[in-house]
Amino acid sequence: MRRLLPAGGRARVLIPGGLALAAVATAGVLIARAAGGPSTSAEPDTGRSQPPATVSAPPGPRGTSTSPEPADLEGPERELAARLSSFEITGCRGATTEAAAPGGSGDPADPRAAGVQAALRCVPGVAASGTPPADVLVLGYIDEAAMASDAARRAAAIVDVGSCEAGQTSTEAYLLPSRRTGTFVCQAAPGRFAAYWTIDSERVAFVAQSDDPAGLITWWRGFDPL
């Protein structure tokens, strides 16, 4: 396992790409295998109830205020924006049309994604550490299967050569002590480091890119938008 240890000891465990691909292909495999691996401070998930049919959900239990809802957001976009913490992300504008455009490449930063009900482009809040990206694309999927399919497509399109933590192209999975899990796909190129990651329990994914891989990963460690 690959473990990211940010300041304060909040651990994210990154698991090699083969396990991540198996996880997005079969519901529950990621959590089962993570629990069977070496002991970590992260608590494995032991079960998952069926998610509702839409991305609408109340804000998480963090007790933070929610992101302002711009007047030009309607329906699912407005509901998605209402779920985001204003301490972590703000200035959102609609991007559903951008995400629903035909086609789709293997680039982790490609906004196009099948099965997305709502998408937003937002500005990261003030970061405690690291280097925030210029913006963050938020993708709200119709259901868990659509999110898993999109994550698998992006993972299959790259060649895993190392680890995201080291600023290399890779497909991995992460596990938080808060029992939050997801897939992390990153791609390194000269002057550009692109990342796509899911929060499985929320059926939401994020896309960001930067010319500073280490700074982006450090920022990501503390980024908790839901």
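Which cysteine does a disulfide join to C92? In this model, which is predicted, the partner is C122, and the two sulfur atoms are 2.1 Å apart. The torsion about the S-S bond is 110 degrees, which makes the link of C92 and C122 right-handed. Because C92 belongs to strand β3 and C122 to strand β4, the pair ties together parts that are 30 residues apart in sequence. Both ends are buried, C92 with a relative accessible area of 4% and C122 with one of 1%.

A search of the whole structure finds two disulfides, and the other pair to consider is that of C164 and C186, whose sulfur atoms also come out 2.1 Å apart. With -100 degrees about the S-S bond, the link of C164 and C186 is left-handed. C164 counts as buried at 1% relative accessibility, and C186 is buried with a relative accessible area of 0%. When the bonded cysteines of the protein are numbered in sequence order, the pairing reads 1-2, 3-4.

The charged side chains come next. Side chains of opposite charge can pair when their charged atoms come close. The count of salt bridges comes to seven, and one of them is formed by the side chains of R83 and E202, with an N to O distance of 2.7 Å. This pair links distant parts of the chain, since R83 belongs to helix α3 and E202 to the loop between β8 and β9, 119 residues apart. Are the two partners buried or exposed? R83 counts as buried at 4% relative accessibility, and E202 is buried as well, with a relative accessible area of 18%, under the 20% cut-off for that class.

Most residues other than glycine have a negative phi, and most peptide bonds are trans. R203, although it is not a glycine, has a positive phi of about 55 degrees. R203 is buried, with a relative accessible area of 4%.

The side chains of R112 and D110 meet at 2.9 Å, N to O; R112 is partly exposed, with a relative accessible area of 26%, while D110 counts as buried at 5%. The side chains of D150 and R153 likewise meet in a salt bridge, at 2.8 Å from N to O, and because these residues are three apart in helix α5 (residues 144–156), they are separated by about one helical turn. D150 is buried, with a relative accessible area of 3%, whereas R153 counts as partly exposed at 30%. Beyond such pairs, E98, R121 and D135 are linked in a network of salt bridges.

Two further residues complete the picture. T198 lies in strand β8 (residues 192–199) and is buried, with a relative accessible area of 1%. Which backbone atom lies 2.9 Å from a polar atom of the side chain of T198? This is the backbone nitrogen of T183. Leaving aside neighbours within four places in sequence, T198 is in contact with M147, A151, Y174, T181, G182, T183, V204 and A205.

G215, finally, lies in helix α6 (residues 213–222) and counts as buried at 8% relative accessibility. Its contacts, again leaving aside neighbours within four places in sequence, are with G130 and T131. G215 and P133 are 82 residues apart in sequence, and their C-alpha atoms are 9.1 Å apart in space.

Conventions
Residues numbered from 1 in each chain as written. Predicted model: local features only at pLDDT ≥ 70, side-chain atom pairs only at ≥ 80, totals over all residues. Heavy atoms only, no water. Helix = DSSP H or I, 4+ residues; strand = E, 2+ residues; numbered from the N terminus. Buried < 20%, exposed > 50% of the residue type's maximum accessible area, 1.4 Å probe, protein only. Polar contact = N/O pair within 3.5 Å; in protein donor to acceptor, adjacent residues only side chain to side chain. Contact = heavy atoms within 4.5 Å. Salt bridge = Lys/Arg side-chain N within 4 Å of Asp/Glu carboxyl O. Disulfide = S-S within 2.5 Å.
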